[in-house]
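Reader: I have a structure to look at and some questions about it. Can we go through it together?

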Amino acid sequence: MIKLSLYEELKKKEYKRNWNHLHQEDRREYMRNWRRKNSNLHRIQIRKYVKATKEKVIGYYSKGNNECKNCKNKDIRVLTIDHVNGNGAEERRKLKRSGHSFYVWLIKSGFPEGYQVLCLNCQRIKEIENHEWYGYKGD
Ligand SMILES: [Zn+2]
């Protein structure tokens, strides 16, 4: 393959960006049709992408152990990202992100510090013990 100079590479990127911009509607239409025709495949792809994103984030924050920091539960279905300082609800409101889009945000932000992996049980117990639970009126 011919190696492009930085200038040529930038030109190519710019051309691609312009092309994408000019053909935005065509591309959207094409993708819509493709999804309609391949709805099952599309669903599988989405599921794979969502799963891979979660595995990546859980893997990073559990240092490759893929387990709850507290009880060592390894069931990916119940593992979540917990805010060490317990301002999760507030931060989610600020970011307007939860679930998958929160995981994507963590990856795009270069895995910021202050998060840990907890299972849903341990997260809820921590919330109750720290009175983080929104609306909690207990003692
Ligand atoms: Zn746990």
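Author: Start with a term: a residue is buried if 20 or more other C-beta atoms lie within 10 Å of its own, exposed if 12 or fewer, and partly exposed in between, with C-beta atoms placed from the backbone. This is a predicted model, where local features need pLDDT of at least 70, side-chain atom pairs count only at pLDDT 80 or more, and totals for chains, interfaces and linings use all residues. Residues are numbered from 1 along each chain as its sequence is written.

Reader: Is Lys72 buried or exposed, then?

Author: Lys72 counts as exposed because 11 other C-beta atoms lie within 10 Å. Lys72 sits in the loop between α3 and β1 (79-83). Helices (H or I, at least four residues) and strands (E, at least two) are DSSP runs, numbered from the N terminus.

Reader: What is phi of Lys72?

Author: Phi is near 65 degrees there, a positive value in a residue other than glycine. Phe111 also has a positive phi, of about 50 degrees, and is not a glycine.

Reader: Where does Phe111 lie?

Author: In the loop between α5 and β2. Phe111 is exposed, because 12 other C-beta atoms are within 10 Å.

Reader: Let's back up. How many helices and strands does the chain have?

Author: Six helices and two strands. Along the sequence the pattern reads α-α-α-β-α-α-β-α.

Reader: And what percentage of the 139 residues is buried?

Author: Buried residues make up 11% of them.

Reader: Which residues form the largest nonpolar core?

Author: There are eleven: Val57, Ile58, Tyr61, Cys68, Leu79, Tyr103, Tyr115, Val117, Leu118, Cys119 and Cys122. α3 (39-61) and β2 (115-119) each supply at least two residues of this core. β2 gives the most, with four residues. A nonpolar core here is a set of buried Ala, Val, Leu, Ile, Met, Phe, Trp, Tyr and Cys residues joined through C-beta atoms within 7 Å.

Reader: Pick one of those. Why does Leu118 count as buried?

Author: Because Leu118 has 27 other C-beta atoms within 10 Å. Leu118 lies in strand β2. From Leu118 to Ile58 is 60 residues in sequence and 9.4 Å in space, C-alpha to C-alpha.

Reader: What does Leu118 touch?

Author: Not counting residues up to four places away in sequence, Leu118 touches Cys68, Lys69, Asn70, Thr80, Asp82, Gln123 and Lys126. Two residues are in contact if their C-beta atoms, placed from the backbone, lie within 7 Å.

Reader: And which residues is Cys119 in contact with?

Author: Cys68, Cys71, Asn73, Val78 and Leu79, leaving aside neighbours within four places in sequence.

Reader: Asp82 was in the Leu118 list. Where is Asp82?

Author: In strand β1. Asp82 counts as buried because 23 C-beta neighbours are inside 10 Å. Asp82 and Tyr115 are 33 residues apart in sequence, with 5.5 Å between their C-alpha atoms.

Reader: What about His83, buried or partly exposed?

Author: His83 is partly exposed, because 17 other C-beta atoms lie within 10 Å. His83 is also in strand β1. The C-alpha atoms of His83 and Gly114 are separated by 6.0 Å, and the two are 31 residues apart along the chain.

Reader: New topic. At what angle do α3 and α5 pack?

Author: About 55 degrees, with the axes of α3 and helix α5 (residues 99-108) 9 Å apart. Axes are lines fitted to C-alpha atoms, for helices over the stretch in contact, and angles run from 0 to 180 degrees between N-to-C directions. α3 and α5 are therefore oblique to each other. Angles under 35 degrees count as roughly parallel, over 145 as roughly antiparallel, 65 to 115 as roughly perpendicular and the rest as oblique.

Reader: Which residues meet there?

Author: On the α3 side, Val50, Thr53, Lys54, Lys56 and Val57; they meet His100, Tyr103, Val104, Leu106 and Ile107 in α5.
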